[in-house]
Amino acid sequence: MSRRSISLLKNLRNITNGSKIQTRSVTYMPRPGDGKPRPVTLIPGDGVGPLVTNAVEQVMEAMHAPVYFEPFEVHGDMKSLPEGLLDSIKKNKVCLKGGLKTPLPVGGGVSSLNVSLRKELDLFASLVNCFNLPGLASRHENVDIVVIRENTEGEYAGLEHEVVPGVVESLKVITKFCSERIAKYAFEYAYLNNRKKVTAVHKANIMKLADGLFLESCQEVAKKYPSIAYNEIIVDNCCMQLVARPEQFDVMVTPNLYGNLVANTAAGIAGGTGVMPGGNVGAEYAVFEQGASAGNVGKDTTEEQKNANPVALLLSSAMMLRHLQFPSFADRLETAVKRVISEGKCRTEDLGGNSTTQEVVNAVIANLD
Amino acid sequence: MDLTGRFHNLFISGLVSGESINVNLFQVQRSKKSPLCLFPLCVLLRLEAITMAAFLARRLIGNRSSQILGTSSSSSGAFISVARAFSSSTTPIKATLFPGDGIGPEIAESVKQVFTAADVAIDWDEHFVGTEVDPRTNSFLTWESLQSVLKHKVGLKGPMATPIGKGHRSLNLTLRKELNLYANVRPCYSLPGYKTRYDDVDLITIRENTEGEYSGLEHQVVKGVVESIKIITRKASMRVAEYAFLYAKTHGRKKVSAIHKANIMQKTDGLFLQCCDEVARKYPDIEYEKVVIDNCCMMLVKNPALFDVLVMPNLYGDIISDLCAGLVGGLGLTPSCNIGEDGIALAEAVHGSAPDIAGKNLANPTALLLSGVMMLRHLKLNKQAEQIHSAIINTIAEGKYRTADLGGTSTTTDFTKAICDHL
C-alpha cells in the first residue's frame, strides 16, 4: 500500500472518537516547507453542491488553512468528465466534491458521473463513518459504524443489454482482485484505528458464486489479523439488525450495492445523511464528499431556501485535512462543528432546526479557536 | 328437463373456460325472464354435484383477485354466496400445510388449535420436507407436496431450513419457481402494546419474487472472476405492478411507491419503472411516486410513516421487507403471503426454524398465525380473519402472556390458549 494511504488510515483514527470533544496535547514538529499551501481540486457539483462547497471554502479561509482550491465546473448531465479535471486531480491527488445529479434514464442512458469518476481514478474504497453526534437526538444510541464499500465493480459494472424486447439483463461482476483489495483495506483500517470487529455483508446463500468469492477473500484476509474479530452476516438480516440493535456493528465491509444500502441505513439511524462524513480512496488519489449518497444533491426547495446541511462536507473536509497531514487544523474544525451541533441553536432543516447554511457556517467560524 | 341439460352444458363449458361461467349464467337468467329461476338451479346444484359447486366456487373466489372489478359481479356474487353457503357448511376448504423444521411443527399445532377454536372450516393437508433430494423437483421438497398446493390453491407454510451446499435448489426457491409465486406481500404494522423504537409504521411491501438478481444464473468467467446475471422482464414486472396497484385499491391504500436504482442500472430498473408507470396511469386516484433505494432506506429509518405501499424488484424487496420487519419488532411477528398465478396463495412465516429452541415449547407462533389470517382474508373468510386478528392483537397488547422473544415468560401452549380465550 502506498505511503499516502497509510497516512490517511492513520489519521482517520481520530474522527471515530465521536463522543468526546478532542484536545490534543502532542507537539507536532513540522518539516520546513510543510506549511506551503496545497492545491485541492474542487467540484462544486449540482443542486446544493455549490452551497455546501462554498461553506467549506469560507471555513477554510477563516482558519487560514494551507489549502487552496482549484474549482472545476462539472454537472451531472454532462456526457463525460471535462478535459482538465482528471489531470488536475492526478496532479493534486486530492479532491473535494459536492454531489453530482444522476439523471434518471429517459430512454437514453447517461451513466452516472459519480461512478465514472470513481472508476477512472480507481477509487476502490468508499468509507462512511456513521456515529451519534452528541446533542443530536436520534432513535438509536451508541452507534459508531464505519461502512467500507467496494466502489468499482459489483452491480455497478454498468453492463446491461436488452436480450429481446421486454427482457433485460444486467451483469454483476465480482473479481478476486477487487474483493481482496477491499478486504485488505477494511482490515488495515480496523487495525490502524483500533477497531475490534469487522463484519462482511453478503447474500451468498442465494448468489453462491459471486458473493461466495467475496466472502472467501474476506476470510483469507481475516486470518492475517488474528486480533480483529471477524464475522459474516446476510444483507437482509443485517438491515434488520441495524434497525434493532446497531451497537453490535463496528466496521462493515461490503460489495458495491449492499454497501450503498447499508451506508444509507446506518447514516439514517445515526442522525441523517446530512452529517455523516466520508470519502473515496484509492491507491493514489482521494476524493472527499458527503458520506452517504442519499440526498447529496438535495431537493429543489433546499436549494432555493439555501438551508442545505454543510456539516457532512465540513467533517469530510476535516478528514481531508488529516489526509494532507494538517492534523491540528482538522481537529480545530471538527471541534468547532461538534460544538455547534451539540449547542443545538444553529441547525438546518434536516436536523429539525430552521437555520440557513450561511448561519451554520458563521456559527462554526465563530466557534473556531 | 331442458333447463338441467342446458345448465349441465354450462357447467362443463364453465369448467373448461374458467370465468365465462358468470356471463353464461346471466344470460340464462335473462332469457327465462324470471329472477326466481336461480332457486331451481340451487336445488339442482344440491342434488347434482356439491363438490363441483365448491370447486367452481373456489376457482371463482381464487380468480376474484383478478376480476374483483368484474362486470358481472351481481349475478356471480349471488352464485358465489350460494355456493359458498353450501361449501362451508358441508365441505371444508382444503389447504396444504407445511409445518416445516425446527419450531415449525409446534407453531403449526398452535395455528390448528386457534383455527378450530374460531370455527374455521379448513381441512389441512400436511406435507413434510423429505430427507433426500427428489429428482423430479431437484430439491428436498417432494413432487406430491407441490401437486397438493397446485390442487388446493391455498397453503400455509412454516419455516424450512435450507441445507447448505450445492447440487440442489433452495426449498423456497423451488416453491417459488414451481408454483409461479410472483408476488410476496408483507404487511408491516406496529403492534399496539409491543413497543419498539418506531410506533407509527403501517406499510405493505410487495416484492417481485421470481426474477431479478435471484435468477441463480452465475458462472465463473476465468479463475477469480465471477459473473452473476440479473434479469428483468416486462412480463414479470407488469404482473407485480398490476398486483400492487390492485392490492392498494382493494385495501383502500392511498399511495404506491416504486423502489429502484435506475440511475445506475438504467435498463433493468428502467424497465421495471416503465412498467410501474404504465400501470399507475390506469389508477389515477392512487398516488404514485418513484424513490431511489438508498433514499428509501434512509427515509424508512428516519420516518416510516412516509410510505404506504412499496413495490420493488427481487433483491431490493428482500432487503427492504426485512428492514421493515425489523422496524416493527422482528421476523417473529411478521406475516407474509406469496401470490401466484391462477389465484394461488401460499402464506408463510418468514422467520427461521430456530433449531435451538425446537421442541421446548418456547416458540412464538404469532408470525404463522398472522400469516394464517392473511390466508383467510384471501379466501374471503373476513369475519373469522378479523376475529382471530383481534384476538392476537389483544393478547399481545394485554401483555400478560408473551413468549420469550417478546420479553415474556409464557410457553407456546399458554400463548395459544390465551388467544383462544380472547376469541
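Trainee: What is the mean pLDDT of chain B, and where is the pLDDT below 50?

Mentor: pLDDT is the predictor's confidence in each residue, from 0 to 100. Chain B has a mean of 78, with 77% of its residues at 70 or more. The value is below 50 over residues 47-51 of chain B, a stretch with four contacts beyond near neighbours in sequence, and also over residues 60-89 of chain B, where there are 39 such contacts. Contact here means heavy atoms within 4.5 Å. Where pLDDT is low, the predicted coordinates should not be read in detail. For the complex, the predictor gives an ipTM of 0.84 and a pTM of 0.79.

Trainee: How many helices and strands does each chain have?

Mentor: Chain A has 12 helices and 12 strands, and chain B has 15 helices and 12 strands. These are DSSP runs numbered from the N terminus: helices are H or I with at least four residues, strands E with at least two.

Trainee: How much of each chain counts as buried?

Mentor: Buried means under 20% relative accessible area, exposed over 50%, and partly exposed in between (1.4 Å probe, protein chains only). By that rule, 61% of the 369 residues in chain A are buried, and 57% of the 423 residues of chain B.

Trainee: Why are H11(B) and H12(B) called roughly parallel?

Mentor: Helix H11 (residues 293-302) and helix H12 (residues 314-328) of chain B have axes that come within 11 Å and cross at roughly 5 degrees. Axes are lines fitted to C-alpha atoms, for helices over the stretch in contact, and angles run from 0 to 180 degrees between N-to-C directions. Angles under 35 degrees count as roughly parallel, over 145 as roughly antiparallel, 65 to 115 as roughly perpendicular, and the rest as oblique. The two helices are therefore roughly parallel to each other.

Trainee: Which residues meet there, and of what class?

Mentor: B:Ile293, B:Cys296, B:Cys297, B:Leu300 and B:Val301 in H11(B) meet B:Tyr316, B:Ile320, B:Leu323, B:Cys324 and B:Leu327 in H12(B). By class, that contact has 10 nonpolar, no polar and no charged residues. Ala, Val, Leu, Ile, Met, Phe, Trp, Tyr, Cys and Pro count as nonpolar, Asp, Glu, Lys and Arg as charged, and the others, Gly among them, as polar.

Trainee: How do you know whether B:Asp322 is buried or exposed?

Mentor: B:Asp322, in helix H12 of chain B, has 6% relative accessibility, so B:Asp322 counts as buried. Beyond four places in sequence, B:Asp322 is in contact with A:Asp236, A:Asn237, A:Met240, B:Arg186 and B:Leu331.

Trainee: And what makes A:Lys119 partly exposed?

Mentor: A:Lys119 counts as partly exposed because its relative accessibility is 35%. A:Lys119 lies in helix H4 (residues 113-120) of chain A, and its contacts beyond four places in sequence are A:Thr152, A:Tyr156 and A:Ala157.

Conventions. Residues are numbered from 1 along each chain as its sequence is written. Chains are lettered from A and ligands numbered from 1 in the order in which they are written. This is a predicted model: local features need pLDDT of at least 70, side-chain atom pairs count only at pLDDT 80 or more; totals for chains, interfaces and linings use all residues. Side-chain values use heavy atoms; hydrogens and water are left out.
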